[in-house]
Amino acid sequence: MNVAYIFLISVSVILIIAYTNNAFAEPTLKDSSLKVQKFVSGLAFPTSMVFLDNNNLLVLEKDGNVRLVSGGTLEAQPILSLPVVDKNERGLLGIEKYGSSIFIYATVDEDGAKNRVFKYELKGTSLSNPQMILDLPASPGTNHQGGKLVMGNDSTLYSVTGELQRNGKDQNIQDGPDPDYSGAILKINPDGSPASGNPFHDSGNEILQKYTAYGVRNCFGLAIDPKTGALWDTENGEDLYDEINFVFPGFNSGWKLVMGPISQSGHSENELVKFPGSKYKDPIISFKDSIGITDIEFLKSDKLGAKYSNNAFVGDYVNGNLYRYELNDQRNDFKLNSPALADRVVDDETEMDSILFGTGFEGISDIATGPDGNLYVLSIKLGEIYKITL
């Protein structure tokens with residue numbers, strides 16, 4: 001069964017477990033020189049977070065509340081409540097900051113469900129003057145909404161929309177409908193216009209002009225490598241082959257024909273929809289059995305020790321695990337210490353252990369580098385934020 005679908009159709013059950021079951025163990029880390037401590041509790045199904053400054057961060061709750069954490073304390077009342085549609089994987093999904101602006105990805109119901117990206121003015125810890133900068137589809141599927149946002153080093157905004165159970169050219173269906181923002185990663189300016197230099201900028205198609213990648217099934221993680229500015233994503237497989245990808249301009253991730261290595265799919269690159277200038281590439285790493293892969297973050301600090309600086313950290317939902325990857329010198333690949341990972345597929349416990357950093361986070365939805373240089377991990381099931389320090 002689709003792990004990503006389970007991820008959100010069981011919201012009520014998860015919340016009951018999170019608040020009534022004391023069986024959850026505290027998270028642990030493989031590196032005994034590091035510590036993990038509970039930073040914030042009391043959140044209800046949190047999906048994303050962003051730091052505003054050294055003292056404040058905002059956390060999204062799926063049902064529409066924007067919560068403020070100030071000085072390590074969760075404020076009692078939301079600073080903003082949005083009327084979202086939160087069935088299955090819909091809801092309040094992504095948040096990012098740029099200067100005095102906050103961007104929020106939300107599923108709203110206006111003449112049918114829509115995924116929209118709004119830009120708010122940030123004054124202190126208040127949000128005002130919303131402007132819609134992206135109007136995206138949210139149907140027919142109520143799952144596979146995507147929703148993550150991340151700012152590029154070049155002051156552009158990336159957003160990702162899941163495939164929404166559509167069957168178009170965006171999903172590599174040759175005779176399907178034309179691009180419609182589904183299953184795509186967009187790169188835009190802060191006002192919503194296409195970023196200059198986008199791979200399909202000269203296509204003449206106003207939708208395709210905003211694309212940097214397509215063929216994405218569903219994604220709970222986008223991250224920018226702080227050293228190179230390159231984009232990475234995580235993608236959920238149907239029940240096999242969750243992925244971590246290096247996303248270059250024009251990247252075709254292969255869905256609906258391919259998840260994981262194309263050699264395992266029974267298809268060839270010739271069968272994929274090829275927008276001019278696009279190219280397919282296998283994932284950097286895949287998980288043969290779906291783990292409900294979620295967020296990815298590059299630790300923009302040496303606060304945990306030099307060996308962890310600018311490493312990639314990735315979370316999952318099923319196991320509540322946190323994984324860690326060191327990058328190669330070109331920063332376009334992972335150093336994989338296990339010889340068994342030469343095939344780029346994690347398919348047993350030994351291979352899993354070779355990339356494991358921590359356990360017991362009980363469903364990770366977001367990972368962030370704090371202004372203090374420490375690593376923060378958001379738990380969906382527990383409604384808590386954990387802080388990892390030296």
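The stops below cover salt bridges and then a pair of strands.

**Before you start**

This is a predicted model, where local features need pLDDT of at least 70, side-chain atom pairs count only at pLDDT 80 or more, and totals for chains, interfaces and linings use all residues. Residues are numbered from 1 along each chain as its sequence is written, and side-chain values use heavy atoms, with hydrogens and water left out.

**Stop 1**

How many salt bridges does the structure hold? There are 16. A salt bridge here is a side-chain nitrogen of Lys or Arg within 4 Å of a carboxyl oxygen of Asp or Glu.

Select Glu26 and Lys38. Their side chains form a salt bridge, at 3.9 Å from N to O. This pair links distant parts of the chain, twelve residues apart. Glu26 lies in the loop between α2 (11-20) and β1 (28-29), and Lys38 is in strand β2 (residues 35-40). Helices (H or I, at least four residues) and strands (E, at least two) are DSSP runs, numbered from the N terminus.

Now check the surface. Glu26 is partly exposed, with a relative accessible area of 47%. Lys38 is partly exposed too, at 39%. The terms work like this: buried is under 20% relative accessible area, exposed is over 50%, and partly exposed is in between (1.4 Å probe, protein chains only).

Glu26, Lys38 and Glu384 are linked in a network of salt bridges.

**Stop 2: Asp31 and Lys307**

Select Asp31 and Lys307. Their side chains meet in a salt bridge of 3.7 Å, N to O. The two residues are 276 residues apart, and the pair links distant parts of the chain. Asp31 sits in the loop between β1 and β2; Lys307 sits in the loop between β22 (293-298) and β23 (312-316).

Which end is buried? Asp31 is, with a relative accessible area of 14%. Lys307 counts as exposed, at 52%.

**Stop 3: Glu326 and Lys335**

Go to Glu326 and Lys335. This salt bridge spans 3.4 Å, N to O. Glu326 is partly exposed at 34% relative accessibility. Lys335 is partly exposed at 38%.

**Stop 4**

Switch to cartoon view and select residues 92-98. This is strand β8, mostly covered, with five of its seven residues buried.

Extend to strand β9 (residues 101-109). The two strands pair in the antiparallel sense over six bridges. Pairing requires that DSSP finds at least two bridges between two strands. Pick Leu92: its bridge partner in β9 is Ala106.

Finish at the turn. β8 and β9 form a hairpin with two residues between them. Gly99 in that turn has a positive phi of about 60°.
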